[in-house]
Every structure is written in C-alpha cells, then in structure tokens.
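Q: Hey, I'm new to this one. Can you put it up and walk me through a few spots?

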Amino acid sequence: MARMLSLTVNGSQLSTDTDEDRPLLDVLREDFQLTGTKYGCGEGECGACTVIVDDQAINSCLYLAAEIDGRNLTTIEGLAAADGTLHPIQRSFVENGGIQCGFCSPGMILSAKALMDKIPNASEDEIKEAIAGNLYRCTGYVQIIDSIKAVSGHGDDEPHVVAFKSDEGDRGE
C-alpha cells in the first residue's frame with residue numbers, strides 16, 4: 001500500500017510516496033539518489049547498507065519504509081561538511097588505511113559514527129562490538145579498529161603498517 005512518507009535525511013526535509021513494505025535501502029537509492037548506501041546481502045548480515053536512524057545504526061535492507069516516517073536519518077553523504085571537509089571519522093579511515101575499494105566503507109563508517117556519538121572514548125572492545133555487524137572485504141579489521149581508535153583518543157601514535165612501497169624501484173622481474 002502506497003503512503004506519503006516525510007523524514008529528515010542528512011538535515012534536509014524529504015518526502016516520497018512509496019509502498020510501506022519497501023526496504024529503506026531502496027527508498028534511499030532509488031527515490032532520493034543517495035547511492036552511498038550499498039546493497040550487500042539483502043539479509044542484514046553484511047552491514048554494507050548501514051545508516052543511522054535517530055542515532056542508532058541500522059541495516060537499511062531490513063528496515064521498512066513505513067518505519068522511517070517522521071524520523072531523522074544520516075547516510076554517508078551527510079557526514080562531510082558542505083564545503084567537502086571530511087568528518088573526523090572519514091578522515092581517520094583515510095589516514096589509517098581503513099578504506100580500500102569503498103564498497104563496505106560507508107556502512108562501517110556509519111557504525112563507527114553511531115558508536116562515537118554514544119561513547120566518544122570507546123574502548124577497543126566497544127569498537128569491536130559496534131562493528132561486529134559489518135563485514136569488510138578488502139582490508140583486515142586492524143586498520144578499521146585503528147581508524148576508530150584514533151578518533152576515540154585511544155589510537156596509537158603510529159598506525160599499523162599493512163603495506164609498503166619499496167624504494168628499490170622496478171627490478172625488471
């Protein structure tokens with residue numbers, strides 16, 4: 001059954017006429033063209049579709065459109081400042097090697113933001129618990145945890161090195 005839904009997305013009032021049983025993920029990507037939220041598994045297992053609804057990280061593939069009416073939602077597109085300045089969590093992921101291909105990154109970053117909003121000085125165990133619903137395909141979790149720890153004030157002075165560039169140049173092999 002179609003219904004007019006109104007919500008706040010990344011600080012802007014938006015509305016759409018959509019079926020109540022449609023996944024929020026589809027509303028975001030198709031109706032609002034917010035494609036930073038990714039379709040991963042469609043079953044709430046991977047976290048690629050994570051967004052923040054009323055300060056809570058949720059899987060938008062499982063969240064029905066009817067549940068979003070009147071709510072406040074943040075997607076990855078809403079984190080950076082209007083001038084393009086990255087949010088501290090985004091910047092930390094870049095600086096600490098927590099980003100690779102970018103497919104899973106939006107969900108992981110939003111899970112981290114939801115945690116930091118609730119527990120600004122989160123411990124490593126709290127970080128691990130907060131990101132437990134997010135699968136990361138390209139990097140290991142060390143760089144991700146380092147990225148979040150750096151924002152929480154528990155980071156090391158130096159990020160863990162997971163790759164390096166040789167100064168020896170091409171050996172012609």
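Q: Is cysteine 104 buried or exposed?
A: Cysteine 104 counts as buried, because its relative accessibility is 6%. Buried means under 20% relative accessible area, exposed means over 50%, and partly exposed is in between, using a 1.4 Å probe and protein chains only. Before we go on: this is a predicted model, where local features need pLDDT of at least 70, side-chain atom pairs count only at pLDDT 80 or more, and totals for chains, interfaces and linings use all residues. Residues are numbered from 1 along each chain as its sequence is written, and side-chain values use heavy atoms, with hydrogens and water left out.

Q: How many disulfides are there in the whole structure?
A: A search turns up 0. A disulfide here is a pair of cysteine sulfur atoms within 2.5 Å.

Q: Switching to helices: at what angle do α2 and α3 pack?
A: About 130°, with the axes of α2 (residues 88-95) and α3 (residues 105-118) 10 Å apart. So α2 is oblique to α3. Angles under 35 degrees are roughly parallel, over 145 roughly antiparallel, 65 to 115 roughly perpendicular, and the rest oblique. The axes are lines fitted to C-alpha atoms over the stretch in contact, with angles from 0 to 180 degrees between N-to-C directions. Helices are DSSP runs (H or I, at least four residues), as are strands (E, at least two), numbered from the N terminus.

Q: Which residues meet there?
A: From α2, Ile89, Gln90 and Phe93; from α3, Met108, Ile109, Ala112, Lys113 and Met116. Contact means heavy atoms within 4.5 Å.

Q: What about α2 and α5, what's the angle there?
A: About 135°, with the axes of α2 and α5 (residues 141-152) 8 Å apart. That pair is therefore oblique as well. Pro88, Ile89, Ser92 and Phe93 of α2 meet Ile144, Ser147, Ile148, Ala150 and Val151 of α5.

Q: What is threonine 37 in contact with?
A: Leaving aside neighbours within four places in sequence, its contacts include Leu25, Leu28, Arg29, Cys49, Val51 and Glu77.
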